[in-house]
Amino acid sequence: MRSYVLLYILLMALVTYLIRMLPFTLFRKKITSPFWRSFFYYVPYAVLAAMTFPAVFSSTGSALSALAGVAVAAVLALCKKSLTTVALSACAAAFVVEVLQFGFVM
Amino acid sequence: MQKAVSPYGFREGFQDGVPIGLGYFSVSFGFGIMAASAGLFTLETLLISLTNLTSAGQAAGVKVLEGVLLAGKVGAATVVEMLLAQLVINLRYALMGVALTQRLDENMTTGKRLFYGFFITDEIFAVSSAKPHAVGPRYFAGLATAPYIGWGLGTLLGAVAGNVLPLSVTNALGLALYAMFIAIILPPMRQEKGVLPCVLLAAGLSCLMTFVPVFSFLSGGFVIIISAVAAAVMMSIVHPVPEKEAEA
């Protein structure tokens, strides 16, 4: 391995680790402010929603297969199926739609 | 802050991590192809994934490395570029880390935080902090296992042979992460009052900033951070969560 490339990789890893580790390790207070408590309650849902839309519709080979996957995921999620079941079924639905649309593409 | 002991063990964590692992596999597969075509060796590419575990940061890092490979040596400008890119793109993990500290059980000691802090990603953060009860080291260990393996394996396969999987299969796997997100968001949306408007707001802002040309200077990572923070701030003002619900 070229040592100068290794140096950049280690630098990149170190910065990323410190950003993750420092607040996680050093922050020890219990947040009592109603605003911040609410903020941290809402943030995971907001992050997930912003990550999903609109990106989900370009995550597969076509918007149609993505839509089929989203529909299957939504129905199974409302039936409270496990995360794995929902994810695999949605992938299967998208796969079937793509094969119907384009044939089996290698 | 610390709550008794988490009811979730390794097994529950592992199961929650499987869909993340599948999604990571497909995403890192693309990363492997990209890094190989930028001129990185397979081992270098794999090392990046195993030491960084983050998509946007790694993609930016490879872009910097592409320039370094052309120059064939270390230069101060590219070192600064690398540092700044990682700092800005990954800053969201600092916010997530603080949020996660509020959800940890008493077994999460300093030594364990030093270790598990490495595994904070958008997905691992979102899944663990949407759990109804506190989470501990065993749950974290389980949760991180499949994503870490999936991320490494996908990178390796992508770098070695971008075409080992049929396109229809990699395309379909691209949906795994998002389907899992939907599965996390939907059930509480029906039960808890604030979650539905919060989700609609964040999704709407994210679509707006993605499609309206005025915002085209924002990268995908920033669109997500801005939409999520804005939606969470607005909801916290309009509909603060009662103490019990936020604690749960």
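A cavity here is a set of points, on a 1 Å grid over the protein atoms alone, where a 1.4 Å probe fits but cannot get out; lining residues have an atom within 4 Å of a point. Grid points are joined across faces, edges and corners, and a volume is the space filled by probe spheres set on the points.

This is a predicted model, where local features need pLDDT of at least 70, side-chain atom pairs count only at pLDDT 80 or more, and totals for chains, interfaces and linings use all residues. Residues are numbered from 1 along each chain as its sequence is written, chains are lettered from A in the order in which they are written, and side-chain values use heavy atoms, without hydrogens and water.

Searching the whole structure gives two cavities of 30 Å³ or more.

Helix 12 (220–238) of chain B gives the largest share, four residues; helices are DSSP runs of H or I, at least four residues, numbered from the N terminus. The lining has eight nonpolar residues, no polar and two charged, with Asp, Glu, Lys and Arg counted as charged. Domain 1 (10–184) and domain 2 (192–248) of chain B each contribute at least three residues, the bounds coming from an automatic or database domain assignment.

The second largest cavity holds about 30 Å³. Helix 3 (63–78) of chain A and helix 10 (176–191) of chain B each supply at least two lining residues, and helix 10 of chain B has the largest share, three.

Notes:
On a 1 Å grid over the protein atoms alone, a cavity is a set of points where a 1.4 Å probe fits but cannot get out, and a pocket is an open set with protein on both sides within 12 Å along at least five of seven lines; lining residues have an atom within 4 Å of a point.
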